[in-house]
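Hi there,

Here is the structure I promised to pass on to you. Have a look at it first, and then read my notes below.

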Amino acid sequence: MRQILRWEFLLVKRFFRKKSFLFLCLLLPLLGLFLRLGSRGESGILRIGLVTEEKEGQLPEVNRRVADRLLTGDTVLRIERVADERRAREQLRNGRLDAAWILPSDLEARIEKRAGGKNIPLVTVLEREDSAVVLLSREVLYRALYPEISESVYRSFLTEKFSLQPDSPAVRQELDARYADVKIDGELISYENAAGQTVRRQSYLRSPLRGLGALWLLLMSFVALLYFLDDRRKGLFSFAPAAAERRFALRYLLAVQAVASLGLLALLFAGGLLQNAGREALSLLCLNLLVLLFVSVIGALTRGRQEILLALLLPLLLLCLLGAPVFLDLGIRTLQLVNPLYYYLKLAAGTLAPVVEL
């Protein structure tokens with residue numbers, strides 16, 4: 001056993017002398033770094049202009065609070081301030097904005113009237129096109145308006161039920177204090193996977209990291225097989241019988257997969273995607289065994305011919321990517337049955353049932 005480990009160590013050391021191997025090893029941390037930096041910046045799928053109209057030269061407090069929620073909230077939308085409605089309409093026509101939200105100067109009065117039962121609009125929404133993504137973006141606006149509307153409805157309900165004087169400063173102060181006492185700690189929504197396990201919220205940009213890391217491990221395994229075939233072509237194993245050659249090929253694969261597994265774990269740690277140690281160890285072991293079997297079968301089918309393996313490499317990686325829920329689960333059953341990435345991602349998520357279907 002000690003001799004085998006020493007042989008593997010020397011093999012890995014030899015690999016690190018290859019520039020191509022070093023380049024491939026750097027791909028994964030660079031991917032994690034770029035996605036982490038990208039998740040901190042503006043990466044919205046829509047550009048929305050926010051107009052906050054002033055009243056008598058000053059920004060109303062309600063408008064300021066709603067604008068702060070929109071501009072500082074956790075959203076995939078890119079929301080930016082626009083000076084006035086005229087400029088917002090101009091930018092919509094020029095295609096610089098996908099939508100514009102206009103908070104009127106009398107927003108507080110409108111909210112009070114709405115809470116009192118009058119059917120009047122609160123804000124003006126301008127949209128360049130009526131797409132599904134634009135329609136879904138309105139939920140962000142509703143979420144920012146909700147605290148103001150709920151407080152107004154709360155105050156209107158109590159003043160009407162108990163015949164209070166809404167214009168009285170003492171009544172308003174008491175109602176505001178009572179409303180402020182109602183605090184909700186923690187998250188309103190519990191995020192769970194299909195197995196019922198609680199999961200943490202994460203950036204949508206970092207969500208595919210696990211699948212991309214697994215795809216990278218598959219690529220590294222193919223590279224290990226190519227290294228072995230190249231060494232065999234150079235006559236490095238001319239002394240060994242066919243059975244011994246297969247053992248050498250296995251050692252090449254195991255050496256590279258060990259390095260790739262450490263890189264995958266480092267990527268998951270950097271992206272905040274690590275789960276409990278037992279599940280990570282089991283899913284990673286499953287991935288390595290399936291990848292080892294997959295690459296070995298492909299090597300046998302191509303009869304160890306480098307040119308055929310190189311020609312098939314990119315299509316195989318694309319098919320594995322499409323057949324696994326890295327970005328979306330397309331539900332292509334034929335691409336799932338022999339796909340190592342599919343089983344790894346399902347096992348790591350705690351279930352082998354589809355999670356997101358199209």
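**What I found**

Among contacts (heavy atoms within 4.5 Å) between residues at least 6 apart in sequence, 70% join residues at least 24 apart. Before you go on, please note that this is a predicted model, where local features need pLDDT of at least 70 and side-chain atom pairs count only at pLDDT 80 or more, while totals for chains, interfaces and linings use all residues. Residues are numbered from 1 along each chain as its sequence is written, and side-chain values use heavy atoms, with hydrogens and water left out.

The protein has 13 helices and four strands; these are DSSP runs, numbered from the N terminus (helices: H or I, at least four residues; strands: E, at least two). Of its 358 residues, 39% count as buried, meaning under 20% relative accessible area, whereas exposed means over 50% and partly exposed is in between (1.4 Å probe, protein chains only). The protein exposes about 21400 Å², and carbon and sulfur atoms supply 60% of that area. Accessible areas come from the Shrake-Rupley method with a 1.4 Å probe, and for residues only the protein chains shown count as cover.

Now for a pair of helices. Two packed helices are described by the angle between their axes and the distance between the axes. The axes of α3 (residues 61-72) and α5 (residues 107-115) come within 7 Å and cross at roughly 90 degrees. These axes are lines fitted to C-alpha atoms, over the stretch in contact, with angles running from 0 to 180 degrees between N-to-C directions. The two helices, α3 and α5, are therefore roughly perpendicular to each other (65 to 115 degrees). On the α3 side the contact is made by V62, N63 and V66, and on the α5 side by L107, E108 and I111.

Most residues other than glycine have a negative phi. E56 is not a glycine, yet its phi is positive, about 55 degrees. You will find E56 in the loop between β1 (47-52) and α3, where E56 is exposed at 78% relative accessibility. R303, also not a glycine, has a positive phi of about 55 degrees. R303 sits in the loop between α10 (277-301) and α11 and is exposed, with a relative accessible area of 72%.

Finally, look at F327, in the loop between α11 (306-322) and α12 (333-336). Is F327 buried or exposed? F327 is exposed, with a relative accessible area of 56%.

Happy exploring!

Note on methods
Angles under 35 degrees count as roughly parallel, over 145 as roughly antiparallel, 65 to 115 as roughly perpendicular and the rest as oblique.
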